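Okay, thanks for coming, everyone.

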Number of protein chains: 2
Amino acid sequence: MGAEAVGTEVRQPVMADVAKLAGVSHQTVSRVLNGAPHVRPGTRERVLAAIRELDYRPNSAARALVTRRSQTLGVVTFDSTLYGPASMLDGIERAARTADYFVSVASLRSLDSRSVQEAVDRLRDQGVEGVVVIAPQVSAVGALAKLSSPVPVVAVGSGGRSRVPMVSFDNRAGAEAATRYLLDLGHRTVHHLAGATGWMESRDRQDGWRRTLEAAGARVPRAGTGDWSSRSGYEAGRRIAHDPEVTAVFCANDHMALGLLRALYEAGRAVPGEISVIGFDDIPEAAYFTPPLTTVRQDFGELGRRALELLLKELDGVGHGRDPVRISPETVLRRSAGPAHRD
Amino acid sequence: MGAEAVGTEVRQPVMADVAKLAGVSHQTVSRVLNGAPHVRPGTRERVLAAIRELDYRPNSAARALVTRRSQTLGVVTFDSTLYGPASMLDGIERAARTADYFVSVASLRSLDSRSVQEAVDRLRDQGVEGVVVIAPQVSAVGALAKLSSPVPVVAVGSGGRSRVPMVSFDNRAGAEAATRYLLDLGHRTVHHLAGATGWMESRDRQDGWRRTLEAAGARVPRAGTGDWSSRSGYEAGRRIAHDPEVTAVFCANDHMALGLLRALYEAGRAVPGEISVIGFDDIPEAAYFTPPLTTVRQDFGELGRRALELLLKELDGVGHGRDPVRISPETVLRRSAGPAHRD
DNA sequence: AACACATAGGTTAGCGTTAACAGAAAAGGG
DNA sequence: CCCTTTTCTGTTAACGCTAACCTATGTGTT
């Protein structure tokens, strides 16, 4: 046995191995790999064959080192367990893949701006080329404002004004449509169960609701505040169930609407007979609530894709979108809202 | 102005810059960064100061190139929009972070084994040190069996036997508990609405259900088949709503149970008065269904953490867990299931 | 035939880090 | 006080790739 064969360590093949096998220089291998011109079809074939034979994989670290590009994008998210963030993440990942990028995720442990900066830094240390922040909290937006990052950052899902480019739903418009719809049904006014404090979505939806009421000259009741969970919707529902004033409730999301529906049911209030309920999001389950929930649909996947599109533009140095990208939601009519009852 | 100042290009500082500023060699900087011994406190301080002053960040690609470690783990997931996968991903990410790893995700576009291999390869090309596959489909497990990967792979969530280490819920036990519970309530038999075809979870839950029935000497009705969605639960519900034989239904997940509940309600069948329903998963909303759903709880976050733990062990070369790690679910009693009615 | 010029390829030099070795300074032992 | 050992630090060489430059060959033009 020659000295070569002593260690049976199976070293991963490198470019030089491929080159030797194909009888070319490593540079030619590189050229084939990167589709560079000036490679004769014959040699290209030989190189490709050698690559296949050795099952050679380029070393991404080496490539990243010299090109200064990691082919990786970062996503920072708050609670990727929620339907919205999860769908956005999914949309982003799919879009990134088609653009031939990897995506690395970092979830926030808390909402303060230090935490956001930390997550972005973490991603940056890993060498991501850009990051999209799924952080709909007001505090996060504040964090973005003072965020210092050498890599492009775009935000998604929130609506605040900020220095970073942003794509979001027009939550205000969605809330207006929902409220308007209820008003048009003949309700004297519409109550509101807001989302978690500190979220842009909560603020904007509440805003849209209030404005619509004011524009219609309707009384603006005090809004309840939930935390997006069904439980909080349920608790709010128990509080209002016996209030005869309440004939229509606009919930800031479908999960809370579910809890509300439950509380109303327990209290023996008919929906939409006595009280109309409308949600926001159109989660896949909303159509199967009892009664099926009228709600405002958001296409989170689309939002994720658009965010990535925007980030890619930033990466290409195409001047950053002056105005935030806004996607209009559409309201989905089902059975949980109906005309005001006459008393 | 000296020739130095001509280009105002702000090059990211590198280790050599820090070294020069601190008046040491780059190696000493490296030592400080990596906590190597034999660095005098004084010089360490100077180096640290220089690092702060320049806001120096080590280049991860360079480090990865020489250490052959990317500090990155990969996660392949199928539909990270679903509650289960999303929660697991979240659990994995959090656990990875505490272990000081980054996580890169790749979602599958389809379920075939080529797709799984492709995703793992993609991650591998990126240089991940290990991957956890959230792919509960039978086909995915098959894919894992023939998966060739130089990096450790663990699977999570499914239950099949396979070459790769795996952590999963004991779906069979959960299904047995659910079925047993219904039987103990006095139901002569229990019907079953299975999950999507091809999923390990579907198979195992159906298995547990059937065995329990057989062990109890109960008749084993033909099981329905859904696709995990509420819609499929609804459709199944419409089919069985008027079957007087049906007094208890065990649904393979909560979403389908929701659809079923809806269909039953529309058909005027009382739950649990006439028909008892039990779900699986205990999604956060289950407690607010009408009626609140009795179900089998799975802690997906925990599952994700355990999977990561297992992967970390693999990375440390600690012999791979002979037996799959099994986590027992616990059943949560609520109001959708009750005693059989007497006729 | 001489030249330009495109094409096909090889050679060399980094990218920014850690590893391996080597040398200098400080500390201990006779 | 010299020699050995321990601390501290610097030098050199990878890691595996791409960029930049260079050297051959053709191919077409004057």
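Let's start in the loop between helix 3 (41-54) and helix 4 of chain B, where you'll find Asp55(B). Helices here are DSSP runs of H or I with at least four residues, strands are runs of E with at least two, and both are numbered from the N terminus. Asp55(B) isn't a glycine, yet phi is positive, about 50 degrees. Most residues other than glycine have a negative phi, and most peptide bonds are trans. Asp55(B) is partly exposed, with a relative accessible area of 40%. For the cut-offs, buried is under 20% relative accessible area, exposed is over 50%, and partly exposed is in between, with a 1.4 Å probe and protein chains only.

Before I go on, the housekeeping. This is a predicted model, so local features need pLDDT of at least 70 and side-chain atom pairs count only at pLDDT 80 or more, while totals for chains, interfaces and linings use all residues. Residues are numbered from 1 along each chain as its sequence is written, chains are lettered from A and ligands numbered from 1 in the order in which they are written, and side-chain values use heavy atoms, with hydrogens and water left out.

Back to phi. Asp281(B) also has a positive one, near 125 degrees. Asp281(B) sits in the loop between strand 9 and strand 10 (295-297) of chain B. Is Asp281(B) buried or exposed? With 9% relative accessibility, Asp281(B) counts as buried.

There are cis peptide bonds to check too. One links Val271(B) to Pro272(B), with omega about 5 degrees, and Pro272(B) is in the loop between helix 11 (254-266) and strand 9 (276-278) of chain B. Another links Thr290(A) to Pro291(A), with omega about -5 degrees. Pro291(A) belongs to the loop between strand 9 (276-278) and strand 10 (295-297) of chain A.

Now, how do the two copies relate? The same surface serves both copies, as 100% of the contact residues of chain B recur in chain A; contact means heavy atoms within 4.5 Å.

Next, the sheet. What is the strand order? It's an open sheet of 12 strands with mixed pairing, running 11(A)-5(A)-4(A)-3(A)-1(A)-2(A)-2(B)-1(B)-3(B)-4(B)-5(B)-11(B). Two strands pair if DSSP finds at least two bridges between them. Strand 11 (325-327) of chain A and strand 11 (325-327) of chain B stand at the edges with a single partner strand each, so one side of each has no neighbour in the sheet. From one strand to the next, the twist averages 20 degrees. Over in chain B, strand 5 (residues 166-169) and strand 11 run parallel and are joined by three bridges, and Phe169(B) stands opposite Ile327(B).

On to the DNA. Around DNA strand D there are 28 residues, the closest being Met15(A), Gln27(A), Ser30(A), Tyr56(A) and Arg68(B); a residue counts as near if one of its heavy atoms lies within 4 Å. Sugar and phosphate make up 62% of the DNA strand D atoms that come within 4 Å of the protein. For polar contacts, meaning pairs of N or O atoms within 3.5 Å, the side chain of His26(A) has an N or O atom 3.3 Å from a base oxygen of DNA strand D.

Phosphate oxygens of DNA strand C lie 2.6 Å from a side-chain N or O atom of Ser30(B) and 2.5 Å from a polar side-chain atom of Tyr56(B). Which helix supplies the largest share of the surface near DNA strand C? That's helix 4 of chain B, with five residues.

Definitions and conventions
Axes fitted to C-alpha atoms, helices over the stretch in contact; angles between N-to-C directions. Polar contact = N/O pair within 3.5 Å; in protein donor to acceptor, adjacent residues only side chain to side chain.
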